[in-house]
Amino acid sequence: IINGACAYLAYEQSPTFRPTWHFFDWRLSCLGALMCFSGMFFISELVAGICVIAAIALYLTIQRQINLDHKADTSSGGET
């Protein structure tokens with residue numbers, strides 16, 4: 001997950017992401033994420049599948065909560 005996050009932030013050129021390693025490249029992070037992902041499935045397909053489903057569910061739950069919080073902030077109209 002960390003390799004994937006680093007690849008995404010570097011590819012999107014996020015201003016808050018500043019890697020200090022001289023040889024860093026987003027493609028190298030993608031390669032690391034792919035190797036870890038394939039290693040998970042090589043060791044145990046069932047457990048890897050469960051982990052992938054759990055990670056997706058966690059991501060969707062967090063996104064839903066963020067969207068609900070954002071809607072609650074905008075629907076109040078800023079009145080106190």
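1. In which helix does A10 lie? A10 belongs to helix α1; here helices (H or I, at least four residues) and strands (E, at least two) are DSSP runs, numbered from the N terminus. This is a predicted model, in which local features need pLDDT of at least 70 and side-chain atom pairs count only at pLDDT 80 or more, while totals for chains, interfaces and linings use all residues. Residues are numbered from 1 along each chain as its sequence is written, and side-chain values use heavy atoms, with hydrogens and water left out.

2. A10 counts as buried because its relative accessibility is 19%, and the term buried means under 20% relative accessible area, with exposed over 50% and partly exposed in between (1.4 Å probe, protein chains only). Although A10 and W26 are 16 residues apart in sequence, 5.6 Å separates them in space, C-alpha to C-alpha.

3. A7 also lies in helix α1. With a relative accessible area of 5%, A7 is buried. Between A7 and I66 there are 59 residues of separation along the chain, and their C-alpha atoms are separated by 23 Å.

4. The loop between α1 and α2 holds Q13. The phi angle of Q13 is near 55 degrees, which is a positive value in a residue other than glycine. Q13 counts as exposed, at 68% relative accessibility.

5. W21 is found in the loop between α1 and α2. With a relative accessible area of 51%, W21 is exposed. Together with F23, L28, L31 and M35, W21 forms a nonpolar patch on the surface, and the accessible area of these residues together is about 580 Å². Such patches are made of residues with over 30% relative accessible area and no salt bridge; like charges are joined within 9 Å, and nonpolar side chains (Val, Leu, Ile, Met, Phe, Trp, Tyr) within 5 Å. The areas come from the Shrake-Rupley method with a 1.4 Å probe, and for residues only the protein chains shown count as cover.

6. How many salt bridges does a search of the whole structure find? The search finds one, where a salt bridge is a side-chain nitrogen of Lys or Arg within 4 Å of a carboxyl oxygen of Asp or Glu. The side chains of R27 and D25 meet in a salt bridge at 2.7 Å, N to O. R27 is exposed, with a relative accessible area of 52%, whereas D25 is partly exposed at 25%.

7. Rolling a probe the size of a water molecule over the atoms shows where empty space is left. In this model, the largest pocket contains about 310 Å³ of space. A pocket is found on a 1 Å grid over the protein atoms alone: a cavity is a set of points where a 1.4 Å probe fits but cannot get out, and a pocket is an open set with protein on both sides within 12 Å along at least five of seven lines; lining residues have an atom within 4 Å of a point. Grid points are joined across faces, edges and corners, and the volume is the space filled by probe spheres set on the points.

8. The largest pocket is lined by I1, N3, G4, A33, C36, F37, M40, C51, V52 and A55. At least two lining residues come from each of α1 (2–11), α2 (26–43) and α3 (45–75). The largest share, four residues, is supplied by α2. Eight of the lining residues are nonpolar, two are polar and none is charged; Ala, Val, Leu, Ile, Met, Phe, Trp, Tyr, Cys and Pro count as nonpolar, Asp, Glu, Lys and Arg as charged, and the others, Gly among them, as polar.

9. C51, one of the lining residues, is found in helix α3. C51 is partly exposed, with a relative accessible area of 42%. The C-alpha atoms of C51 and M40 are separated by 9.4 Å, and the two residues are 11 residues apart along the chain.
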